[in-house]
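Let's take a friendly walk through this model, one region at a time. Please keep the viewer open as you read.

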Amino acid sequence: MTDPQRVNIGEQHPAAYKTLIALSAEVEKAAAAAGLDPLLVELLRIRTSQINGCAFCLRMHTHDALKKGENPDRIAVLPAWAETGYFTDTDRAALRLTEAITRVPDGHVSDEDFNAAAAILTADQISAVAWLATVMNAFNRVAITSRYPVGS
């Protein structure tokens, strides 16, 4: 599946890629300061990558979540989070908002989705979730465009 003609855009413009990494680190600090659980942060990254079909990021963040102690059952049912009892109200609000942001081409972030998040999350948490989704979508696009290798 790897095409030797593909350009690794992170390597082609390393300063831009390093800036994205620095932004990601800043967003992770903001998420922690807003009181978001580090396991939820990884789940939001995984869910974004599932929607975008980014195998590289899925593998990386699933490994990260498991290392941090995430329950494999929650990862397994993540695409159907709304149908399970595995997730708290905070998790659900953050997942719903993350999905809406990731699916902007399907109708933007509706008032319904935003208001559902705002009913549970603080303004700092909403902002952190939005930034997490924004950065993860960017990383997904870098990896997918560059066709980062996954597996053999």
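Leaving aside neighbours within four places in sequence, Y86 is in contact with N71, D73, R74, V77 and D91, where contact means heavy atoms within 4.5 Å. Y86 sits in the loop between α5 (72–76) and α6; helices here are DSSP runs (H or I, at least four residues; strands would be E, at least two), numbered from the N terminus. With a relative accessible area of 36%, Y86 is partly exposed. The bands are these: buried is under 20% relative accessible area, exposed is over 50%, and partly exposed lies in between, with a 1.4 Å probe and protein chains only. Along the sequence Y86 and Q5 are 81 residues apart, and in space their C-alpha atoms are 43 Å apart.

Before going further, a word on what you are looking at: this is a predicted model, in which local features need pLDDT of at least 70 and side-chain atom pairs count only at pLDDT 80 or more, while totals for chains, interfaces and linings use all residues. Residues are numbered from 1 along each chain as its sequence is written, and side-chain values use heavy atoms, with hydrogens and water left out.

Now step into helix α6, where you will find L95. Is L95 buried or exposed? Its relative accessibility is 0%, so L95 counts as buried. Apart from neighbours within four places in sequence, L95 has contacts with L43, L44, R47, L78, W81 and F87. L95 and I144 are 49 residues apart in sequence, with 22 Å between their C-alpha atoms.

V129, in helix α8, is buried as well, with a relative accessible area of 0%. Not counting residues up to four places away in sequence, V129 touches L36, L44, A94, L97, T98 and L121. Although V129 and R45 are 84 residues apart along the chain, their C-alpha atoms are separated by 10.0 Å.

How does the length of α8 agree with its number of residues? At 1.5 Å a residue, the 24 residues of α8 should span 34 Å, and the end C-alpha atoms are 35 Å apart, which agrees; the expected span is 1.5 Å times one less than the number of residues. Just after α8 comes R147, with a positive phi of about 55°, although R147 is not a glycine. At 30% relative accessibility, R147 counts as partly exposed. You will find H108 in the loop between α6 (89–102) and α7 (111–118), and at 58% relative accessibility it counts as exposed.

The 20 residues of α2 should span 28 Å at 1.5 Å a residue, and its end C-alpha atoms are 29 Å apart, which agrees. Which residues of α2 are buried? They are L20, S24, V27 and A31. These residues cover an arc of only 65° around the axis, which puts them on the same side of α2; the arc is that of the directions from the helix axis to the C-beta atoms. An α-helix has 3.6 residues a turn, so residues three or four places apart point the same way. The cover over the buried residues of α2 includes α3 and α8. On the other side of α2, A15, K18, T19, K29, A32 and A33 are exposed. Just after α2, G35 takes a positive phi of about 85°.

S24 also leads us to the second largest pocket: the lining has 17 residues, and S24, M60, H61, M136 and F139 lie nearest the centre. A pocket here is an open set of points on a 1 Å grid over the protein atoms alone, where a 1.4 Å probe fits, with protein on both sides within 12 Å along at least five of seven lines; lining residues have an atom within 4 Å of a point. The volume of this second largest pocket is about 220 Å³, taken as the space filled by probe spheres set on the points. Which helices each supply at least two residues of its lining? They are α2 (14–33), α3 (38–52), α4 (55–67) and α8 (123–146).

Finally, look at V7, in the segment before α1 (9–12). V7 counts as partly exposed at 42% relative accessibility. V7 touches Q12 and S146, not counting residues up to four places away in sequence. V7 and T145 are 138 residues apart in sequence and 8.2 Å apart in space, C-alpha to C-alpha.
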